[in-house]
Amino acid sequence: MKKIIIAIDGHSSCGKSTMAKQLAKEIGYVYIDTGAMYRAVTLFAMRNGMFPDDGIREEDLKDAINADKIHINFKFNSEAGRPDTYLNGENVETEIRQMAVSNRVSPIAALPFVRALLTEQQKAMGQEKGIVMDGRDIGTAVFPNAELKIFVTASAAVRAQRRYDELMGKAKTQEEKDALSYDEILKNVEERDYIDSHRATAPLRQADDAVVLDNSNMTIPEQNAWLMEKFNSIVNED
């Protein structure tokens, strides 16, 4: 069976990573979470004081990248059954999923020099094919010739509720749960949609040849079956 590249793009909190991980596991492909890479850069910037009140210290971040101070890689977590994200050798998988990072990742992802760095790394990861990669511009900028492109969407309200439920499930204390706000998460989802689709470099958009998946009212099994059907239709072509 031929190996292909599967590019999954779409809005934030629409379940791209979950479905991409499951699909990769099911078909024996390598899964790459590009959103985690941008989150890791954001975390680096936060840790190094690059978010003053007046925005982002872009030159400081560019200097760090040019000095080769940001290294991102993935290691498979056998207990969780998924890859964890490592920033300069440190497992940051949990930290990059927090709201503090979510609130800052879109401006970082809009920076052309950040996108150039990570796009180059992502292209290198797909040279041998047999990968499932999800993000915002995989089918348009990273792998415009991917054999299967999927654009995922859902209503902002549905995506905010999913994100809220996910964070509630990860919260370890009542204090952490009380700090979560559905309204704040909905606002973050809507702001990220706007920034992602209006940035000058590689904006979020549906590739002309992408298949659209609106999973607002789909169950996980229905979604997985839909994905497998699309995959099989490509790899079994004569």
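Lys-170 and Glu-166 are separated by about one helical turn, because they stand four residues apart in helix α7 (residues 156-170). Helices here are DSSP runs of H or I with at least four residues, strands are runs of E with at least two, and both are numbered from the N terminus. The two side chains form a salt bridge, with the closest N and O atoms 3.2 Å apart. The term salt bridge stands for a side-chain nitrogen of Lys or Arg within 4 Å of a carboxyl oxygen of Asp or Glu.

Lys-170 is partly exposed, at a relative accessible area of 42%, and Glu-166 is partly exposed at 34%. Buried means under 20% relative accessible area, exposed means over 50%, and partly exposed lies in between, with a 1.4 Å probe and protein chains only. Helix α7 also holds Val-158, which is partly exposed with a relative accessible area of 23%. Val-158 and Leu-186 are 28 residues apart in sequence, and their C-alpha atoms are 9.1 Å apart in space.

## Basis of the model

The model is predicted: local features need pLDDT of at least 70, side-chain atom pairs count only at pLDDT 80 or more, and totals for chains, interfaces and linings use all residues. Residues are numbered from 1 along each chain as its sequence is written, and side-chain values use heavy atoms, with hydrogens and water left out.

## Other salt bridges

The structure holds 13 salt bridges. One of them joins Arg-47 to Glu-95, with the closest N and O atoms 2.7 Å apart. This pair links distant parts of the chain, 48 residues apart: Arg-47 is in helix α2 (residues 34-47), and Glu-95 is in the loop between β5 (90-91) and α4 (99-109). Arg-47 is partly exposed, with a relative accessible area of 40%; Glu-95 is partly exposed as well, at 34%.

Arg-199 and Asp-196 also meet through their side chains in a salt bridge, at 3.5 Å from N to O. Arg-199 counts as buried, at 7% relative accessibility, and Asp-196 is buried with a relative accessible area of 2%. A network of salt bridges links Asp-33, Glu-93 and Arg-97.

## Asp-9 in strand β1

Asp-9 belongs to strand β1 (residues 5-10). Asp-9 is buried yet has no salt bridge, and the nearest side chain of opposite charge, that of Arg-136, is 7.4 Å away. For charge, Lys and Arg count as positive and Asp and Glu as negative, while His and the chain ends are not counted.

Two backbone nitrogens are placed against polar atoms of the Asp-9 side chain: that of Asp-137 at 3.2 Å and that of Gly-139 at 2.7 Å. Beyond its neighbours within four places in sequence, Asp-9 has contacts that include Lys-16, Arg-136, Thr-140, Ile-150 and Phe-151. Contact means heavy atoms within 4.5 Å.

## Asp-84 in strand β4

Asp-84 is located in strand β4 (residues 82-87) and is buried, with a relative accessible area of 5%. Its side chain makes polar contacts with the side chains of Asn-77, at 2.8 Å, and Asn-91, at 3.1 Å. A polar contact is a pair of N or O atoms within 3.5 Å; within protein, one must be able to donate a hydrogen and the other to accept it, and residues adjacent in sequence count only if both atoms are side-chain atoms.

With neighbours within four places in sequence left aside, Asp-84 is in contact with Asn-73, Phe-74, Lys-75, Asn-77, Asn-91 and Glu-93.

## Packing of α2 and α5

Two packed helices are described by the angle between their axes and the distance between the axes. Helix α2 and helix α5 (residues 112-125) pack at an angle of about 145°, with their axes 11 Å apart. Axes are lines fitted to C-alpha atoms, for helices over the stretch in contact, and angles run from 0 to 180 degrees between N-to-C directions.

From α2, Thr-34, Met-37, Tyr-38 and Val-41 take part; among the α5 residues that they meet are Val-114, Leu-118, Gln-122 and Met-125.

## Ala-24 in helix α1

Ala-24 is found in helix α1 (residues 16-27) and is buried, with a relative accessible area of 3%. The C-alpha atoms of Ala-24 and Asp-196 are separated by 25 Å, and the two residues are 172 residues apart along the chain.
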